[in-house]
Each structure stands twice: as C-alpha cells, then as structure tokens.
Amino acid sequence: MSRFSRILSVAAVGLAAAAPLALAPPALAQDAPEGAPEELVIGITAFLSGPASVFGEPAQAAADMLIEELNAAGGVAGVPLRALYVDEGAGGEHVLSEYRRLVQEEGVDAMFASISSGNCNQVAPLAEDLQMLNIMWDCGTQRIFEEADYRYVFRTQAHATPEMLATVLYLLRTKPDFQTIAVVNQDYAWGRDSWNIFLTALQALKPDVEVVAELFPAFGSPDYSAEISRLSALRPDVVLSTAWGGDLDTFVLQSAQRGLMDISTFVLPLAESSLERLGTDLPEGVIVGGRGDHYFLHPEKVGDADYDAFVAAFREQTGAFPIYPVFHVAQALSALEGAYLGAIEANGGAWPDREQVVDAMAGLTFAGLGREVMIREDNQGLEDQLVGTTVHDDAYDFAVLDNMMIFDAEDVTTPVGAESVSWLSTLGPEMLELEVDSFSHTGP
Amino acid sequence: MTWQLAFLATLDGLAYAALVFMVAVGLTLIFGVLRILNVAHGSFYAIGAYLAASLGIAIAAGGLSPWLTFPALILAAVLVGTILGTLIERALLRYVYLKEDVLQLLVTFAVFMILEDVQRLVWGVNPYFEAVPLRLLGNISLGGIFYTNYQILVLPAVALLILVGLRLFLRTTLAGKLITAVTEDREMATAIGVDTGRVYLITFVIGATLAALGGALASPTTSLVPGMGADMIVLSFAVVATAGLGQVEGAALAALLIGLGRSFAVYLMPELEVLVPYLVMALVLLVRPEGLFGVAQRRRI
C-alpha cells in the first residue's frame with residue numbers, strides 16, 4: 001500500500017466513524033417542555049481585564065466548560081444555554097450600560113452580576129427596576145440584603161460576614177492565647193469593610209486582644225517594605241490580610257523573604273486563590289480561607305468522580321487548579337438550572353415565565369462543586385466555610401491545607417433581618433463551642 | 001518615633017525612591033527634549049519588568065547559572081528601550097512633534113492602551129513573581145530587622161549610578177551636550193545645525209531604557225500584574241511635576257521626598273501613606289509653581 005492510499009484509507013475510516021455522530025439529531029432537544037425557547041441566554045459580568053482578572057478569567061473558563069458540559073447533556077430541560085460576558089474591568093458605568101443593553105436589547109433570560117461589590121451595589125437596584133433575575137455570583141459585600149429587600153436579586157454564596165467570622169473562630173480555636181494583632185489590608189471598600197467585620201467579631205469573642213497596627217496600603221501597591229519593617233519592629237502575634245491577587249502575592253513574598261512570617265502567624269482569608277502561584281514561598285502554618293468551602297482538594301469531594309473529572313479537565317484547559325471564583329460560578333449555574341427545573345415542575349411541565357423562575361429561586365437548594373447551598377428567605381445563600389492551615393507536601397509544588405475545619409453556614413451567617421456588625425458585637429463565648437467538621441490533609 | 005524607627009523608615013524610603021527615580025527621570029528627560037508627556041512610559045516600565053521575569057524563568061528552565069539573572073535584568077531593559085523605543089519614536093511620535101499638546105498626549109495614551117493589551121496577550125493576567133536576583137544576595141540584619149541586600153544596597157546604588165552617569169553624559173559628551181542644547185533652546189539648536197531628529201530619537205531611547213530598567217530592577221521585588229504600568233505612570237507624573245519638568249536632579253530629590261514621606265507615614269500616620277506623593281506635590285507646587293528645580297519662563301528669542 002502506498003503512503004498516499006494509506007492516508008486515504010485512514011481518512012475514510014475516520015469519516016465513517018464520524019458520520020453517525022454528525023447525522024444524529026441534537027441530544028434530547030426534542031423533549032424540551034411546551035413553550036420552551038430555542039436557547040437560554042445569560043449575561044455574566046466578570047473582570048476580564050485589570051488586576052481582578054485573576055478571578056474573572058478562571059471563572060469565565062469554568063463557566064464555558066460547565067455550559068458546554070450542560071449542553072452536551074441536553075441543556076436546561078432540553079434547552080441549550082449560552083453566556084454573554086461583560087468586562088467589569090472597564091468600570092462601573094460600562095457594566096451598568098452593558099447590563100441594560102443585555103437585558104433590553106439582547107433579551108437575556110438571567111444575569112450573573114458580579115465580582116465587584118461596588119458593581120453589585122449598583123446592579124441590584126437596576127435588576128429590580130428591570131425585573132431581571134439577577135444572581136450575585138461572587139461579590140462579598142454583606143450590605144445588599146441587610147439594607148433593602150429584593151425580589152429579583154439573589155446571592156448564591158456567602159458574604160463577608162460568615163467568611164470573616166469563620167476565620168476568627170478558626171484563629172481562636174487553633175491559637176487561643178495570642179495577644180496582639182496587626183492588619184495590612186488594601187485601601188478600598190473590601191479592605192476596610194472586611195477589617196471592620198473581623199475586628200468586631202474578634203473583640204466580641206476575645207475582648208483583651210490588642211490591635212498594634214492598622215495599615216491600609218494603596219490598592220495595587222508594588223512595595224510593602226515600610227509596612228514589613230514596622231511589623232518586624234512591632235512583632236505582633238498575628239498578622240491579618242484580606243488582600244488578594246497580585247497584592248497578596250507581593251505582600252506574602254516580601255514578608256517571607258524578610259523573615260516576618262517566622263515572627264507572626266499570618267491569617268489570609270483569601271489566599272486559597274493564591275496557593276498555586278505562591279508556590280513553596282508560602283510557608284507552613286499560615287491560616288488560609290477560600291470564601292466558602294472552596295478548595296481544589298475539598299476533603300469531602302475528592303474521590304467523587306464528577307468532581308475529580310472537573311478538576312482534571314479544568315487543569316487541562318487552563319493549566320491551573322480551580323480557585324474559589326470557579327466554584328462560585330458553578331454554584332450560580334447550578335442554582336439557575338435548579339430554579340428552571342423547579343419552575344417547570346411547578347408549572348405542570350410547561351416552560352415557565354420569568355416570574356415563575358424567580359419564585360422557584362426562593363428556598364432553592366443546590367450544589368455546585370462543593371457542599372449544598374440554600375437560598376433563605378432574604379435571598380441570601382447559606383454557604384459553609386472552609387478554613388485550614390498550610391502544610392507542605394512533596395506531591396505538590398505549592399502549599400496545601402491541613403487541619404481544615406468546615407463551619408456550618410447557619411452558625412456563622414448573620415440572621416435574616418439583622419445587621420452584620422451589630423449582630424457580631426453581640427456574639428458570646430458559645431460561638432467557640434460550635435460543632436465543626438474537621439479534616440486533615442491526606443495526600444494526593 | 002525613636003531614632004531606631006526613623007532609621008528603618010529611611011532605609012525603606014531610600015529603596016522605594018530609587019525605583020521611582022529611575023522611571024521618573026526617563027519621563028522627565030523625554031519631556032525636556034521632546035516636549036511630549038509620554039503616557040506610554042508606564043508601558044516601558046511594565047514590559048521591562050515582564051521581560052526581565054521571562055528571561056529569569058528561561059535562565060532557570062535552561063539550567064544556567066542563576067547569577068545570569070543580573071545581566072538579564074539589564075538586557076531586558078536595553079531590549080525594551082531600543083526596540084520598542086525606536087519603533088514608537090520613528091513610527092509614531094516624530095509625526096506629531098509639531099501638533100498640539102493634546103494630540104500628542106492622546107497618541108501616547110493610545111500607545112499605552114495598546115501595549116496594556118499586548119502585555120495581556122503575551123503574559124496573561126496571572127501575577128508573575130521571579131525573585132532569583134533578590135534571593136541570591138540574601139538578607140542583612142539592621143537594627144534587629146531583616147532587609148534584603150538587593151533593596152537596601154543594589155537599588156540605591158544603581159539609582160545613584162544613573163544620576164551621576166546622566167550628569168556626566170549630559171555635561172561632558174557631545175551627544176549629551178546636544179541633548180542639553182535642545183532642552184535649553186530647541187529653535188536655536190536647530191538653527192545652528194543640530195540634527196534634532198537624531199537627538200529626539202536618542203533621548204527617547206535613553207528615557208525608555210531607563211523606564212524599562214526601573215521595571216526590570218523592580219521585578220524581583222514585586223508581583224507583575226496587569227495595570228502595574230498605570231500605577232507607575234501616575235506616580236512618575238507626581239515626581240516630575242514636583243521636580244520641575246525636564247529636571248534630572250530635581251527628579252532625584254522629588255523621588256527621595258516622596259519615598260521618605262511615604263515610609264515615615266507608615267510609622268507616624270498610616271492613613272496618609274496613599275496620599276503622600278500628592279501631598280508632597282501639592283505642597284511644593286504651592287510654594288514653587290514651576291517645581292523644585294523648574295525655571296519659570298525660558299527666554300524666547
């Protein structure tokens with residue numbers, strides 16, 4: 001057989017194998033409910049430029065993967081899903097005008113907005129005006145549902161209060177005797193608000209704690225030398241930083257290089273999203289959180305076939321392990337699918353209108369890639385919180401988590417109708433006796 | 001504040017001022033000669049940093065001596081300055097020298113925006129960190145606090161070298177004297193036969209190289225992220241305005257004031273840290289509207 005004819009025959013076999021697939025009708029499309037549209041379109045706002053694109057890009061990659069997977073399995077009740085993206089990096093004005101355009105001109109069925117708390121604050125009233133189902137899929141401000149009631153706006157993850165409170169509880173359980181603390185947060189709303197929440201909870205539970213320095217370097221600062229020198233002179237027992245992205249990386253690497261991390265215990269509630277990048281420069285013994293029960297080696301999820309397959313596929317696709325915004329977007333997609341399926345059932349099997357979908361969001365229970373989340377009556381999601389301590393394992397070229405605790409969302413989330421800071425200031429010692437699930441790092 | 005803490009704050013301020021000076025002096029040099037406020041200067045800083053980090057990663061991947069990362073820092077700066085600098089000056093800026101200031105500003109701003117996206121395409125959005133040169137030199141304990149030799153010794157030394165080198169270059173060499181002549185009086189220099197086109201190109205390349213060197217030398221100390229160029233250009237504008245446009249020594253003094261002000265603020269009034277560069281600028285400009293070393297109005301013949 002000549003080389004040419006061999007190529008031809010290989011091609012022919014290949015075509016023959018592919019043909020049945022190409023000719024098969026799209027999977028399941030025929031059993032879409034009565035009155036179903038041809039497709040379901042959602043708009044997702046995310047940072048695709050600027051420093052916060054460390055969150056937006058992995059989330060976009062994950063959303064594309066999950067939507068492709070969902071559509072391959074037939075979509076939402078037989079209707080394929082399609083996502084349009086808005087870049088939050090272009091600024092709040094741009095997000096608002098694009099939001100209106102997607103709702104009014106593109107006719108999207110739901111919006112996922114957004115990563116930035118500032119954008120969530122702007123978008124929530126707009127969604128209410130436009131009567132658009134809006135899932136706040138990543139932003140952390142605790143204020144939105146505490147300051148107003150919404151019908152069309154939901155949050156499919158926790159907010160700053162449970163995230164900070166879980167960290168405080170973990171710190172008090174693992175290092176109860178510390179006396180002094182210093183904070184180095186980014187100088188913008190999140191850095192200020194998260195410290196206010198953290199400090200209120202800490203002072204309620206450990207009134208004798210002494211705050212030795214409150215430092216708020218500029219957002220995007222390339223240099224923390226002066227802060228590190230001052231902290232090295234003060235030698236606080238604990239250094240807290242809720243920074244993220246390049247700022248957190250720079251602060252950790254400069255602190256590690258100059259020995260500050262040997263002096264103080266570092267508490268970094270967002271460092272799950274920096275673990276892989278920091279490599280072994282992030283030492284052992286650092287307290288790390290991931291804004292929810294988000295961690296690629298989730299102690300209850302590793303070994304689950306779907307979970308392992310997703311983590312492997314995500315790594316294959318992007319070259320990195322999934323981080324919390326990936327899990328957050330998975331939760332939002334899962335909630336949307338759950339709401340549609342619930343609304344179809346409530347509608348006697350026929351395709352629901354938007355009001356029926358919004359009705360179905362209330363009280364919904366769903367799971368993305370982590371534990372189940374429930375939407376409670378104020379539209380806030382109840383999401384459990386995982387906190388752990390770094391340890392080095394030769395199987396990974398970066399620090400992983402050991403001594404993990406998962407806090408139950410019910411225990412650490414501000415009750416419906418309460419305001420976070422005033423609720424936190426009423427906490428008593430019973431908070432330190434909560435039952436939590438504990439896990440150790442067990443290797444790959 | 002004790003003397004010991006003042007000493008610590010001075011050390012931090014010096015290291016920071018050194019980096020800011022390198023970037024700002026390039027900006028002010030270009031403005032002095034070309035009379036263009038080059039927003040794309042921030043891109044030279046960022047791309048210099050990214051290229052230095054990439055070379056460092058390549059050196060590690062190739063199994064070469066880690067000490068090669070030091071010449072790699074300089075190589076990155078020279079590559080960015082000569083290739084990118086020449087390209088932008090020849091292909092774009094020389095067509096707008098006689099246009100309005102606003103147009104010039106918009107052109108360099110457009111270049112800056114384009115280069116921001118180029119960085120994203122080439123290096124992605126994830127922070128880079130490549131600290132081999134910093135680690136090789138190790139730490140030094142001063143007043144009981146660990147400092148990196150790289151930040152405490154290398155950065156100020158290089159900045160001093162650039163300051164002295166630029167002075168000597170501008171005052172003793174022919175090319176330097178031509179640059180000074182064009183800065184002082186462009187019309188007269190042209191009239192007596194100075195090839196301004198060449199002087200513009202040389203100045204722009206030197207300025208771009210200095211910005212890229214600032215970025216390359218900063219790269220071992222910080223994470224490289226999208227948007228780092230924008231932050232640096234804003235800071236450099238504050239330095240240049242404080243110094244007086246076109247003033248090399250002024251840039252050094254202004255960078256020092258801002259660096260020291262910032263680190264002392266961390267000890268004394270942390271809330272002011274973010275504001276310090278602009279407070280220094282506002283205070284100086286209130287007293288001397290033309291900047292520390294600026295000259296009010298040049299004579300016109």
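1. Start at B:Ala265. Beyond its neighbours within four places in sequence, B:Ala265 is in contact with B:Pro270, B:Leu272, B:Glu273 and B:Val276. Two residues are in contact if their C-beta atoms, placed from the backbone, lie within 7 Å. B:Ala265 sits in helix 11 of chain B. Helices (H or I, at least four residues) and strands (E, at least two) are DSSP runs, numbered from the N terminus. B:Ala265 counts as buried because it has 20 C-beta neighbours inside 10 Å. The cut-offs: buried means 20 or more other C-beta atoms within 10 Å of a residue's own, exposed means 12 or fewer, and partly exposed is in between, with C-beta atoms placed from the backbone. B:Leu84 is 181 residues from B:Ala265 in sequence and 37 Å from it in space, C-alpha to C-alpha.

2. A word on the model. It is predicted: local features need pLDDT of at least 70, side-chain atom pairs count only at pLDDT 80 or more, and totals for chains, interfaces and linings use all residues. Residues are numbered from 1 along each chain as its sequence is written, while chains are lettered from A and ligands numbered from 1 in the order in which they are written.

3. Now the interface between the chains. Here 35 residues of chain B are in contact with 31 residues of chain A. On the chain B side, helix 1 (3–34), strand 2 (145–148), helix 10 (228–243) and helix 11 (248–268) each supply at least two residues. Which element of chain B gives the most? Helix 1 of chain B does, with six residues. By class, this side of chain B has 21 nonpolar, nine polar and five charged residues. Ala, Val, Leu, Ile, Met, Phe, Trp, Tyr, Cys and Pro count as nonpolar, Asp, Glu, Lys and Arg as charged, and the others, Gly among them, as polar.

4. Chain A has two parts. Domain 1 covers 39–158 + 303–382, and domain 2 covers 161–290 + 384–439. These bounds come from an automatic or database domain assignment. The C-alpha centres of the two domains of chain A lie 27 Å apart. At their contact, 20 residues of domain 1 of chain A meet 22 residues of domain 2 of chain A. Helix 2 (53–72) and helix 4 of chain A each supply at least two residues of the domain 1 side. That side divides into ten nonpolar, five polar and five charged residues.

5. One sheet of chain A has five strands. It is open, in the order 2-1-3-4-5, and the pairing is parallel. Two strands pair if DSSP finds at least two bridges between them. Strand 2 (81–87) and strand 5 (153–155) of chain A stand at the edges with a single partner strand each, so one side of each has no neighbour in the sheet. The twist averages 25° from one strand to the next. Axes are lines fitted to C-alpha atoms, for helices over the stretch in contact, and angles run from 0 to 180 degrees between N-to-C directions. Three bridges join strand 4 (residues 134–136) of chain A to strand 5 of chain A. A:Asn134 has A:Val153 as its bridge partner in strand 5 of chain A.

6. Helices lie against this sheet. Helix 4 (residues 117–130) of chain A touches strand 1, strand 3, strand 4 and strand 5 of chain A, and makes about 160° with strand 4 of chain A. Helix 3 (residues 92–104) of chain A lies across strand 1 (40–46), strand 2 and strand 3 (110–112) of chain A, at about 155° to strand 2 of chain A.

7. Another sheet of chain A has eight strands. It is open and mixed, in the order 7-6-8-9-10-14-15-16. Strand 7 and strand 16 (437–439) of chain A are at the edges, each with a single partner strand, so one side of each is left without a neighbour in the sheet. Strand 6 (residues 180–184) and strand 7 (residues 210–215) of chain A run parallel and share five bridges. A:Ile181 stands opposite A:Val211, and A:Val184 has A:Leu215 as its bridge partner.

8. Finally, check the backbone. Most residues other than glycine have a negative phi, and most peptide bonds are trans. The bond from A:Ala113 to A:Ser114 is cis, with omega near 10°. A:Ser114 is in the loop between strand 3 and helix 4 of chain A. A:Arg235, not a glycine, has a positive phi of about 50°. A:Asn403, also not a glycine, has a positive phi of about 45°. A:Asn403 is in strand 15 (residues 400–407) of chain A.
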